[in-house]
Amino acid sequence: MASAPPITNRIRELREARGGMSQAALAEAIGVTRQTVIAIERGKYSPSLESAFRIARVFGLGIEDVFGWEAPPAA
Amino acid sequence: MSVIETVANMSFREKSAWGMGLILSAGAVSYFGKVMSLSEALGRTAPPIIGFVIAYVVFIVIASVIVMSVLAGMAGKEADAPADEREKIIADKAGNWSGYVLAVPALGGLWHYSVNLDGNMLFHLVFLSLMLSQISEYAFQIFLYRRGG
(Lines give C-alpha, C1' and ligand atoms only; values in the text may rest on other atoms or scores of the structure.)
Protein backbone atom coordinates (compact mmCIF):
# COMPACT_ATOMS: atom_id res chain seq x y z
CA MET A 1 0.00 0.00 0.00
CA ALA A 2 1.37 3.40 -0.97
CA SER A 3 1.82 5.79 1.94
CA ALA A 4 -0.35 8.90 1.92
CA PRO A 5 1.30 11.91 0.29
CA PRO A 6 2.61 14.45 2.84
CA ILE A 7 0.22 17.12 1.55
CA THR A 8 -2.42 18.35 3.96
CA ASN A 9 -5.42 20.46 3.08
CA ARG A 10 -8.24 22.47 4.63
CA ILE A 11 -10.80 21.85 1.90
CA ARG A 12 -13.46 20.31 4.11
CA GLU A 13 -13.13 23.10 6.66
CA LEU A 14 -13.29 25.75 3.92
CA ARG A 15 -16.33 24.12 2.30
CA GLU A 16 -18.15 24.11 5.61
CA ALA A 17 -17.17 27.73 6.21
CA ARG A 18 -18.78 28.62 2.88
CA GLY A 19 -22.24 27.58 3.98
CA GLY A 20 -21.71 23.88 3.52
CA MET A 21 -20.61 23.95 -0.09
CA SER A 22 -21.06 20.40 -1.41
CA GLN A 23 -18.26 18.22 -2.72
CA ALA A 24 -20.19 17.98 -5.99
CA ALA A 25 -20.35 21.79 -6.30
CA LEU A 26 -16.61 22.10 -5.67
CA ALA A 27 -15.93 19.29 -8.14
CA GLU A 28 -17.95 21.04 -10.82
CA ALA A 29 -16.23 24.36 -10.12
CA ILE A 30 -12.77 22.87 -10.66
CA GLY A 31 -13.64 20.37 -13.40
CA VAL A 32 -13.10 17.02 -11.67
CA THR A 33 -15.40 14.28 -10.37
CA ARG A 34 -16.86 14.33 -6.86
CA GLN A 35 -14.84 11.19 -6.11
CA THR A 36 -11.64 13.07 -6.92
CA VAL A 37 -12.59 15.85 -4.49
CA ILE A 38 -13.25 13.18 -1.84
CA ALA A 39 -9.84 11.60 -2.51
CA ILE A 40 -8.13 15.01 -2.26
CA GLU A 41 -9.94 15.89 0.98
CA ARG A 42 -8.97 12.58 2.56
CA GLY A 43 -5.34 13.06 1.56
CA LYS A 44 -5.37 9.99 -0.68
CA TYR A 45 -4.66 11.91 -3.85
CA SER A 46 -2.47 14.95 -4.44
CA PRO A 47 -4.08 17.25 -7.01
CA SER A 48 -2.17 18.70 -9.93
CA LEU A 49 -0.83 22.20 -9.47
CA GLU A 50 -3.55 23.48 -11.80
CA SER A 51 -6.33 21.89 -9.75
CA ALA A 52 -4.75 23.12 -6.52
CA PHE A 53 -4.82 26.67 -7.88
CA ARG A 54 -8.40 26.23 -9.04
CA ILE A 55 -9.46 25.01 -5.58
CA ALA A 56 -7.70 27.93 -3.90
CA ARG A 57 -9.41 30.37 -6.27
CA VAL A 58 -12.85 28.93 -5.52
CA PHE A 59 -12.27 29.86 -1.88
CA GLY A 60 -10.63 33.19 -2.76
CA LEU A 61 -7.42 32.18 -1.03
CA GLY A 62 -3.79 31.56 -1.89
CA ILE A 63 -2.66 28.01 -2.54
CA GLU A 64 -0.70 27.82 0.73
CA ASP A 65 -3.80 28.84 2.68
CA VAL A 66 -5.49 25.69 1.42
CA PHE A 67 -2.64 23.19 1.12
CA GLY A 68 0.24 22.43 3.44
CA TRP A 69 3.28 20.18 3.46
CA GLU A 70 3.77 17.83 6.35
CA ALA A 71 7.05 16.08 5.70
CA PRO A 72 7.54 12.79 7.56
CA PRO A 73 10.14 12.95 10.35
CA ALA A 74 13.66 12.12 9.18
CA ALA A 75 14.66 8.53 10.00
CA MET B 1 -21.41 1.82 4.48
CA SER B 2 -23.75 -0.62 2.73
CA VAL B 3 -23.04 -2.16 -0.66
CA ILE B 4 -25.78 -0.03 -2.24
CA GLU B 5 -24.26 3.17 -0.81
CA THR B 6 -20.80 2.10 -1.93
CA VAL B 7 -22.02 1.51 -5.48
CA ALA B 8 -24.00 4.75 -5.50
CA ASN B 9 -20.86 6.66 -4.46
CA MET B 10 -18.72 5.18 -7.24
CA SER B 11 -17.81 7.33 -10.22
CA PHE B 12 -19.13 6.37 -13.65
CA ARG B 13 -15.70 5.08 -14.66
CA GLU B 14 -15.35 2.87 -11.60
CA LYS B 15 -18.79 1.37 -12.25
CA SER B 16 -17.77 0.85 -15.88
CA ALA B 17 -14.60 -0.95 -14.73
CA TRP B 18 -16.69 -3.26 -12.52
CA GLY B 19 -19.12 -3.91 -15.38
CA MET B 20 -16.48 -4.62 -17.99
CA GLY B 21 -14.37 -6.69 -15.59
CA LEU B 22 -17.35 -8.91 -14.74
CA ILE B 23 -18.40 -9.28 -18.39
CA LEU B 24 -14.88 -10.21 -19.50
CA SER B 25 -14.48 -12.63 -16.59
CA ALA B 26 -17.77 -14.35 -17.43
CA GLY B 27 -16.74 -14.56 -21.09
CA ALA B 28 -13.32 -15.98 -20.22
CA VAL B 29 -14.76 -18.59 -17.85
CA SER B 30 -17.32 -19.65 -20.46
CA TYR B 31 -14.76 -19.77 -23.29
CA PHE B 32 -12.14 -21.76 -21.37
CA GLY B 33 -14.83 -24.01 -19.89
CA LYS B 34 -15.72 -25.07 -23.44
CA VAL B 35 -12.07 -25.44 -24.46
CA MET B 36 -11.31 -27.60 -21.41
CA SER B 37 -14.39 -29.78 -21.93
CA LEU B 38 -13.44 -30.32 -25.56
CA SER B 39 -9.82 -31.07 -24.60
CA GLU B 40 -10.99 -33.69 -22.09
CA ALA B 41 -13.24 -35.28 -24.70
CA LEU B 42 -10.43 -35.36 -27.27
CA GLY B 43 -7.78 -36.53 -24.79
CA ARG B 44 -5.38 -33.80 -25.98
CA THR B 45 -5.30 -30.01 -26.24
CA ALA B 46 -8.29 -28.86 -28.28
CA PRO B 47 -7.43 -27.05 -31.49
CA PRO B 48 -8.47 -23.39 -31.84
CA ILE B 49 -12.21 -23.34 -32.62
CA ILE B 50 -13.06 -20.17 -34.48
CA GLY B 51 -16.74 -20.58 -33.52
CA PHE B 52 -15.85 -20.32 -29.81
CA VAL B 53 -13.80 -17.19 -30.48
CA ILE B 54 -16.61 -15.57 -32.47
CA ALA B 55 -19.16 -16.49 -29.77
CA TYR B 56 -16.85 -14.97 -27.12
CA VAL B 57 -16.41 -11.73 -29.09
CA VAL B 58 -20.15 -11.42 -29.86
CA PHE B 59 -21.01 -12.02 -26.18
CA ILE B 60 -18.50 -9.38 -25.03
CA VAL B 61 -19.72 -6.79 -27.55
CA ILE B 62 -23.44 -7.27 -26.84
CA ALA B 63 -23.03 -7.45 -23.04
CA SER B 64 -20.74 -4.37 -23.04
CA VAL B 65 -23.21 -2.32 -25.09
CA ILE B 66 -26.08 -3.26 -22.75
CA VAL B 67 -24.16 -2.66 -19.50
CA MET B 68 -22.51 0.57 -20.66
CA SER B 69 -25.85 1.92 -21.94
CA VAL B 70 -27.50 1.23 -18.59
CA LEU B 71 -24.61 2.79 -16.64
CA ALA B 72 -24.49 5.83 -18.93
CA GLY B 73 -28.26 6.28 -18.55
CA MET B 74 -27.90 6.22 -14.76
CA ALA B 75 -24.86 8.50 -14.70
CA GLY B 76 -26.34 11.33 -16.77
CA LYS B 77 -23.87 14.01 -17.79
CA GLU B 78 -20.99 12.36 -15.88
CA ALA B 79 -20.88 9.74 -18.63
CA ASP B 80 -20.24 12.41 -21.28
CA ALA B 81 -17.54 14.22 -19.31
CA PRO B 82 -13.93 13.45 -20.20
CA ALA B 83 -11.80 11.62 -17.62
CA ASP B 84 -10.41 13.97 -15.01
CA GLU B 85 -6.75 14.12 -13.96
CA ARG B 86 -7.03 11.40 -11.31
CA GLU B 87 -8.97 9.09 -13.61
CA LYS B 88 -6.35 9.54 -16.35
CA ILE B 89 -3.56 8.64 -13.92
CA ILE B 90 -5.49 5.57 -12.76
CA ALA B 91 -6.10 4.46 -16.37
CA ASP B 92 -2.40 4.93 -17.20
CA LYS B 93 -1.17 2.99 -14.15
CA ALA B 94 -3.67 0.15 -14.67
CA GLY B 95 -2.73 -0.09 -18.36
CA ASN B 96 0.94 -0.21 -17.46
CA TRP B 97 0.52 -2.93 -14.81
CA SER B 98 -1.73 -5.03 -17.07
CA GLY B 99 1.09 -5.09 -19.63
CA TYR B 100 3.02 -7.34 -17.25
CA VAL B 101 -0.01 -9.63 -16.95
CA LEU B 102 -0.07 -9.86 -20.75
CA ALA B 103 3.58 -10.87 -20.87
CA VAL B 104 3.63 -13.68 -18.28
CA PRO B 105 1.20 -16.25 -19.83
CA ALA B 106 2.38 -15.31 -23.34
CA LEU B 107 6.00 -16.07 -22.40
CA GLY B 108 4.82 -19.22 -20.61
CA GLY B 109 3.09 -20.26 -23.83
CA LEU B 110 6.24 -19.69 -25.87
CA TRP B 111 8.29 -21.67 -23.39
CA HIS B 112 5.69 -24.48 -23.43
CA TYR B 113 5.74 -24.52 -27.23
CA SER B 114 9.55 -24.64 -27.36
CA VAL B 115 9.50 -27.73 -25.11
CA ASN B 116 6.35 -29.58 -26.31
CA LEU B 117 5.73 -28.17 -29.81
CA ASP B 118 2.03 -27.90 -28.92
CA GLY B 119 0.73 -25.11 -31.15
CA ASN B 120 -2.83 -25.53 -29.89
CA MET B 121 -1.72 -24.82 -26.34
CA LEU B 122 0.28 -21.84 -27.57
CA PHE B 123 -2.89 -20.43 -29.17
CA HIS B 124 -4.92 -20.92 -25.99
CA LEU B 125 -2.24 -19.43 -23.75
CA VAL B 126 -1.82 -16.36 -25.95
CA PHE B 127 -5.60 -15.90 -26.05
CA LEU B 128 -5.70 -16.40 -22.27
CA SER B 129 -2.99 -13.78 -21.79
CA LEU B 130 -5.02 -11.26 -23.82
CA MET B 131 -8.11 -11.97 -21.71
CA LEU B 132 -6.26 -11.86 -18.40
CA SER B 133 -4.50 -8.66 -19.36
CA GLN B 134 -7.80 -6.91 -20.10
CA ILE B 135 -9.49 -8.28 -16.98
CA SER B 136 -6.53 -7.30 -14.81
CA GLU B 137 -6.56 -3.77 -16.26
CA TYR B 138 -10.10 -3.32 -14.93
CA ALA B 139 -9.15 -5.00 -11.64
CA PHE B 140 -6.19 -2.62 -11.21
CA GLN B 141 -8.45 0.34 -12.01
CA ILE B 142 -10.91 -0.77 -9.33
CA PHE B 143 -8.06 -1.24 -6.83
CA LEU B 144 -6.73 2.26 -7.56
CA TYR B 145 -10.20 3.85 -7.40
CA ARG B 146 -10.81 2.15 -4.03
CA ARG B 147 -7.38 3.25 -2.75
CA GLY B 148 -7.99 6.84 -3.80
CA GLY B 149 -5.56 7.19 -6.69
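Trainee: In chain A, how do the axes of helix 2 and helix 4 cross, and within what distance do they come?
Mentor: The axes of helix 2 (residues 23-30) and helix 4 (residues 49-58) of chain A come within 9 Å and cross at roughly 120°. Axes are lines fitted to C-alpha atoms, for helices over the stretch in contact, with angles from 0 to 180 degrees between N-to-C directions. Helices are DSSP runs (H or I, at least four residues), numbered from the N terminus. This is a predicted model: local features need pLDDT of at least 70, side-chain atom pairs pLDDT 80 or more, while totals for chains, interfaces and linings use all residues. Residues are numbered from 1 along each chain as its sequence is written, and chains are lettered from A and ligands numbered from 1 in the order written.

Trainee: Which residues of helix 2 and helix 4 of chain A make the contact?
Mentor: Helix 2 of chain A contributes A:Leu26, A:Ala29 and A:Ile30, and helix 4 of chain A contributes A:Ser51, A:Arg54, A:Ile55 and A:Val58. Contact requires C-beta atoms, placed from the backbone, within 7 Å.

Trainee: What about chain B, how many residues does each chain put into the contact?
Mentor: Eleven residues come from chain A and nine residues from chain B. Helix 3 (residues 34-41) of chain A supplies the largest share of chain A's side, three residues.

Trainee: Which spans of chain B does UniProt list as "transmembrane region"?
Mentor: The unreviewed entry lists residues 16-33, 53-76, 97-115 and 121-145 of chain B. Such annotations may be inferred rather than shown by experiment.

Trainee: How far apart are the end C-alpha atoms of residues 16-33 and of residues 97-115 of chain B?
Mentor: For residues 16-33 of chain B they lie 25 Å apart, and the span is 100% helix. For residues 97-115 of chain B they lie 28 Å apart, again with 100% helix.

Terms used. Helix = DSSP H or I, 4+ residues; strand = E, 2+ residues; numbered from the N terminus. Contact = placed C-beta atoms within 7 Å.
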